Amino acid sequence: MLGKEALDILSQEISKSEVDNYISQIKFSEKGSNSQRVVFIAPNELIAKFIQTKYANKLANIYEIHTGSKPQILITTQKADLNKKSKEVNVKEIRSQSSLLNPSYTFDNFVVGDSNQFAFISSKQVANNPGKAYNPLFIYGPTGLGKTHLLQSIGNECLENGKTVICITSEQFTSDFIRHLENRTMNKFKEKYRNCDVLLIDDVQFFHKSEKTQEEFFHTFNEIHAKKGQIVMTSDKPPKMLKDFEERLKSRFEWGLMADITPPELDTKIRIIKTKCEFDKIELSDDIIEYIASNMGDNIREIESAIININAFANIMRQDITLEFAKNVIKDQIKEKKEAISLENIIKYVSHEMNIKPSDIKSKNRTKNIVEARRICIYLAKTLTPNSMPQLASHFGLKDHSAVSHNIKKINNLMESDSYFKARLEELKNKILSKE
């Protein structure tokens, strides 16, 4: 696979703004690349460092999926000494790469709050006692809240303790399975996956696309579990809500411990931003940090992207980072995030999910299931769109903004008292976001 093809594939997996601002600025270096190392040239060290940190592992994964081997990805400048760069890759990094682990993900730099404390503590215990504490550990929650960070933290700690670790996404597992199946080398596949000490599977929900893959993973799971090997999985929803999965596989997922991660509260997001700034040596004032935390939503990856974008633009343009400057840099991200969701689509998806007519949502009907659907629509509209309380009151035919507030409070109380309802609501929210 040529470098340009890999960049094209990456461009389909990330946002257009990221492609325009960063990926479009690098070029594949055929001269500097070989079978073990793929080199891309960036216009300056700032862009090179940013892309190396954020996208190198994604590019390496793309190469592994499409070629069967995972090279080192190096983003550098035209002036860099490539031989010197190559020598700087130490043994620990090579071992991590072979296990698809990113050494920057550790428990030490994971910010703990009420929304993720249980998952964090559970992950630490598993890392300290793999195969003994909780097996399997199933971490679930919406996209971008830190599941992958915890998964990789477990892997890195186990690797430090001499364990054989495989960390892979469900899609990569599927691709590897199909490749070995077609090449009639399933013995090598089984030897690789069934003999590891720790198997980490990210985004397990995507196994539903292939019955054969589910069958193979079922047997792999049983083999590792029987040998007291540790299994950790992440998903966007709990096992009981996974669709098109065999019941015997879902029951395996529930054998150990399930730990959910919920959207972080404002204080936690602020601490996450401060930790990110400290780690990357970025100086942001408190008012900028609070603005980002309040306006960028709950997806931690998107928040970190906003921070990096602000700092990159400030360095490139040689400007101080003021609140107005920061607002201007990330305005498109905020606009895209909120304006992409329409009130009518929220009503459409909620009414479909709850098997009622869309017209009932805005009617005066006080039937229990319609009242619940109406409240869910109002809650999601306030969460996912930039509409004000008076605008929502007008759209849903309510008296004033206090009626909107009352409905939102009812949903919040229900989420606190009913974990299944909360999971249903998160699933519906993810559906709306993914369809827009």
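Me: Is Lys227 buried, partly exposed or exposed?
Reply: Lys227 has a relative accessible area of 49%, so this lysine counts as partly exposed. Keep in mind that this is a predicted model.

Me: Ok, and which side chain does Lys227 meet in a salt bridge?
Reply: That would be Glu223, with an N to O distance of 3.9 Å. Glu223 is partly exposed because its relative accessibility is 32%.

Me: How can side chains pair like that?
Reply: When the charged atoms of oppositely charged side chains come close, the side chains can pair.

Me: How many salt bridges does the count come to?
Reply: The count comes to 14 salt bridges. Among them is one between Arg248 and Glu246, whose closest N and O atoms are 2.6 Å apart. Arg248 is partly exposed at 31% relative accessible area, and Glu246 is partly exposed too, at 25%. There is also a network: Asp176, Arg179 and Lys192 are joined by salt bridges that share partners.

Me: What about Asp20, which partner does its side chain meet?
Reply: Asp20 meets Lys16 in a salt bridge, 2.8 Å from N to O. The two sit four residues apart in helix α2 (residues 16-21), so about one helical turn separates them.

Me: Why does that spacing matter for direction?
Reply: With 3.6 residues a turn in an α-helix, residues three or four places apart point the same way.

Me: New topic. What domains does the chain have?
Reply: The assignment gives domain 1 (1-82), domain 2 (107-260), domain 3 (266-325) and domain 4 (343-434).

Me: How far apart are domain 1 and domain 3, and how much area is buried between them?
Reply: Their C-alpha centres lie 25 Å apart. About 590 Å² is buried between the two, and carbon and sulfur atoms give 66% of that. On the domain 1 side, Tyr22, Leu46 and Phe50 lose the most area to domain 3, together 60% of what that side buries.

Me: How many residues are in contact there, and how many salt bridges?
Reply: Seven residues of domain 1 contact seven of domain 3, and the salt bridge count between these domains is zero.

Me: Back to Leu46. Where is it?
Reply: Leu46 is in helix α3 (residues 45-67). Its relative accessibility is 31%, so Leu46 counts as partly exposed. Together with Ile316 and Met317, Leu46 makes a nonpolar surface patch of about 250 Å².

Me: Are Arg318 and Asn355 buried or exposed?
Reply: Both count as exposed, because Arg318 has a relative accessible area of 77% and Asn355 is at 71%.

Me: Where's the cis peptide bond that involves Pro136?
Reply: That cis bond joins Asn135 and Pro136, with omega about 5°. Pro136 is in the loop between α6 (117-128) and β4 (137-140).

Me: Last one: what about Ser235, buried or exposed?
Reply: Ser235 is buried because its relative accessibility is 0%. Ser235 sits in strand β7 (residues 230-235). Leaving out residues up to four places away in sequence, Ser235 touches several residues, including Phe138, Tyr140, Val204 and Leu242.

Key: Residues numbered from 1 in each chain as written. Predicted model: local features only at pLDDT ≥ 70, side-chain atom pairs only at ≥ 80, totals over all residues. Heavy atoms only, no water. Patch = residues over 30% accessible without salt bridge, like charges linked within 9 Å, V, L, I, M, F, W, Y side chains within 5 Å. Areas by Shrake-Rupley, 256 points an atom, 1.4 Å probe, with all protein chains shown as cover. Salt bridge = Lys/Arg side-chain N within 4 Å of Asp/Glu carboxyl O. Buried < 20%, exposed > 50% of the residue type's maximum accessible area, 1.4 Å probe, protein only. Domains from an automatic or database assignment. Contact = heavy atoms within 4.5 Å. Buried area = accessible area lost by both parts, 1.4 Å probe.
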